[in-house]
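Have a look at the chain first, and then we'll go through its features.

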Amino acid sequence: MNMMIPAVAAAQQERPRFTPEQIHRYERETTPIDDFAASGLILDLGGGGEGVIGQMKRSQVVAIDLSRKELEEAPGGPLLKIVMDATELRFLNSVFQTVTCFYTLMFVPLEKQLKVLEEARRVLAPGGRMLIWDVEVPPPPSPEKKVGIFYFTFQFPGQLPGGPAGREVRTGYGTLYGEAPRGAAHYQALARQAGFQLASSKTQGRSFFLELQRT
Ligand SMILES: C[S@@+](CC[C@H](N)C(=O)[O-])C[C@H]1O[C@@H](n2cnc3c(N)ncnc32)[C@H](O)[C@@H]1O
């Protein structure tokens, strides 16, 4: 099982700053991930790590990630893996029909999240969609807790062509609690600011899914 934590937390792990008492581990959740319709190329933001979208949609996917290492470690499947910052996409305007963001925003510092959504909107063609899966990060359970780690078993629909082995991915994503709790309501507000309309939303345990329409 892999466990991913944000770069800042990873650096701190190499020279530990957080004691075990400062880390809160949430119970593992089983989270079904529905397949989704998409025509043309899919831009996957933060597509390293488990590379779940790349595993699901394979040659339709252009996966970008800030971390070369995370991209190198992600399973094969995507058409392209490119080291790129989601806050400064190198693509022209209106070139994708679908942008995905699978448990990536929880890794992006609060002050950069609006830029990620604005960039996603910029590269989407009119009528295109942004799909977000992420965690509802609650306030820390006690003041001494600085990092929360969320464990998931993602389950995939059986009919996916070339889907992940065993059709399950077991992982853990860690995040710094930061200054404010963040979740679906927070991202919906940012999405409106960036020029998206909410098309649908879903809550699954500690996770949520948002389907945003580019206006
Ligand atoms: C939870 S991890 C990987 C999630 C991944 N989508 C998966 O399927 O496992 C989030 C990823 O977002 C990447 N990331 C964080 N900030 C980013 C940014 N500004 N631009 C691109 N990638 C970023 C991290 O390097 C990390 O690989």
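## Ground rules and the cavity

To sort a lining by class, Ala, Val, Leu, Ile, Met, Phe, Trp, Tyr, Cys and Pro count as nonpolar, Asp, Glu, Lys and Arg as charged, and the others, Gly among them, as polar. Keep in mind that this is a predicted model, where local features need pLDDT of at least 70, side-chain atom pairs count only at pLDDT 80 or more, and totals for chains, interfaces and linings use all residues. Residues are numbered from 1 along each chain as its sequence is written, and side-chain values use heavy atoms, with hydrogens and water left out.

A cavity here is a set of points, on a 1 Å grid over the protein atoms alone, where a 1.4 Å probe fits but cannot get out; its lining residues have an atom within 4 Å of a point. Points are joined across faces, edges and corners, and the volume is the space filled by probe spheres set on them. One cavity of 30 Å³ or more turns up, and the largest cavity holds about 30 Å³. Around the largest cavity sit Gln188, Ala191, Arg192, Phe196, Gln197, Leu198 and Leu212. Helix H5 (184-194) and strand E11 (196-204) are the elements that give two or more residues to this lining; helices (H or I, at least four residues) and strands (E, at least two) are DSSP runs, numbered from the N terminus. Sorted by class, the lining has four nonpolar, two polar and one charged residues.

## Aromatic rings

Rings of Phe, Tyr and Trp (its six-membered ring) make a pair if their centres lie within 6.5 Å; planes under 30 degrees apart are stacked, over 60 edge-to-face, and the rest tilted. The model has 14 aromatic pairs. One of them is Tyr26 with Phe150, stacked at 4.3 Å centre to centre with 5° between the planes. That pair ties together distant parts of the chain, 124 residues apart: Tyr26 is in the loop between strand E2 (23-25) and strand E3 (29-32), while Phe150 is in strand E9 (residues 147-155).

Is Tyr26 buried or exposed? With a relative accessible area of 8%, Tyr26 is buried, given that buried means under 20%, exposed over 50% and partly exposed in between (1.4 Å probe, protein chains only). Phe150 is buried as well, at 1%. Another pair, Phe91 with Phe96, is edge-to-face, at 5.0 Å centre to centre and 90° between the planes, and both of these residues are buried.

There's also a cluster, in which ring pairs link Phe36, Phe102, Tyr103, Trp133, Phe152, Phe154, Tyr173 and Phe209. Lys57 lies over the face of Phe36, 4.9 Å from the ring centre; to count, NZ of Lys or CZ of Arg must be within 6 Å of the centre and within 35 degrees of the ring normal.

## Strands and their partners

Why call strand E7 (residues 96-102) largely enclosed by the rest of the structure? Because six of its seven residues are buried. Strands pair if DSSP finds at least two bridges between them. Strand E4 (residues 42-45) runs parallel to E7, joined by four bridges, with Ile42 facing Thr98 as its bridge partner. E7 also pairs with strand E8 (residues 124-135), in the parallel sense over six bridges; here Cys101 has Ile132 as its partner.

Further along, E11 and strand E12 (residues 207-214) are antiparallel, with eight bridges, including one from Thr203 to Phe208. The two strands form a hairpin with two residues between them, and Gly205 in the turn has a positive phi of about 55°.

## Spots to click on

Val62 belongs to strand E5 (residues 61-65) and is buried at 4% relative accessibility. Its C-alpha is 4.9 Å from that of Leu80, 18 residues apart along the chain. Glu72, in helix H3 (residues 68-73), is exposed at 58%.

Most residues other than glycine have a negative phi. Arg58 has a positive phi, near 45°, and sits in the loop between helix H2 (52-57) and E5, partly exposed at 34%. Ser94 also has a positive phi, of about 60°; its place is the loop between strand E6 (80-83) and E7, and it is partly exposed at 35%.

Terms used
1 Å grid on protein atoms, 1.4 Å probe; cavity = no way out; pocket = protein on both sides within 12 Å on 5 of 7 lines; lining within 4 Å.
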